[in-house]
Amino acid sequence: MTPEEKHLWYDFLKKLPITVHRQKNIGNYIVDFFIVSKSLVIELDGGGHYTPEQAEKDEQRTYDLSAMNLTV
């Protein structure tokens, strides 16, 4: 996990009274965090995601996951 993912996990998500999965395989993607009971995907995209090419891939990921009735 990145430092940002560790911070979110240890300071917040781990303490939630619901199950949160880390690094979960969903379709062709590995999402940072997934809350099944809420159909919620949490992605923390760092500096490497600021290129036009990566932004396009991230947009496609969001589209694909949304097509699975997941909120990103």
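Residues are numbered from 1 along each chain as its sequence is written, and side-chain values use heavy atoms, with hydrogens and water left out. In this predicted model, local features require pLDDT of at least 70 and side-chain atom pairs count only at pLDDT 80 or more, whereas totals for chains, interfaces and linings use all residues.

The largest nonpolar core comprises seven residues, namely Ile26, Tyr29, Val31, Phe34, Val41, Leu65 and Leu70. A nonpolar core is here a set of buried Ala, Val, Leu, Ile, Met, Phe, Trp, Tyr and Cys residues joined through side-chain atoms within 4.5 Å; buried denotes under 20% relative accessible area, exposed over 50%, and partly exposed the range in between (1.4 Å probe, protein chains only). Strand 2 (residues 29-35) gives the most to this core, with three residues. Helices (H or I, at least four residues) and strands (E, at least two) are DSSP runs, numbered from the N terminus. Apart from this core lies another, of six residues, including Leu13, Val20, Phe33 and Ile42.

Val31, found in strand 2, is buried, with a relative accessible area of 0%. With the same exclusion of residues up to four places away in sequence, Val31 touches Arg22, Gln23, Lys24, Ile26, Val41, Glu43 and Leu65. The C-alpha atoms of Val31 and Met68, which are 37 residues apart along the chain, are separated by 13 Å.

One aromatic pair was identified, under the rule that rings of Phe, Tyr and Trp (its six-membered ring) pair if their centres lie within 6.5 Å, with planes under 30 degrees apart counted as stacked, over 60 as edge-to-face and the rest as tilted. Trp9 and Phe33 form this stacked pair, at 6.2 Å centre to centre and with 10 degrees between the planes. Because Trp9 lies in helix 1 and Phe33 in strand 2, the pair ties together parts that are 24 residues apart in sequence. Trp9 counts as buried at 10% relative accessibility, as does Phe33 at 0%.

Glu5 is placed in helix 1 (residues 3-11). Although buried, Glu5 has no salt bridge, and the nearest side chain of opposite charge, Lys6, is 8.6 Å away. Lys and Arg count as positive and Asp and Glu as negative, while His and the chain ends are not counted. Glu5 touches Gln23, Asp32, Phe33 and Leu44, not counting residues up to four places away in sequence.

The structure holds three salt bridges, each defined by a side-chain nitrogen of Lys or Arg within 4 Å of a carboxyl oxygen of Asp or Glu. Arg61 and Glu43 meet in one of them (3.2 Å, N to O). This pair links distant parts of the chain, 18 residues apart, with Arg61 in helix 2 (residues 52-67) and Glu43 in the loop between strand 3 (40-42) and helix 2. Both Arg61 and Glu43 are buried. Arg61 also forms a salt bridge with Asp58, the closest N and O atoms being 3.5 Å apart. Asp58 is buried, with a relative accessible area of 11%. Salt bridges that share partners join Glu43, Asp58 and Arg61 into one network. Glu53 forms a salt bridge with Lys57, at 3.7 Å between the closest N and O atoms; Glu53 is exposed, with a relative accessible area of 57%, and Lys57 counts as partly exposed at 47%.

Technical notes
Contact = heavy atoms within 4.5 Å.
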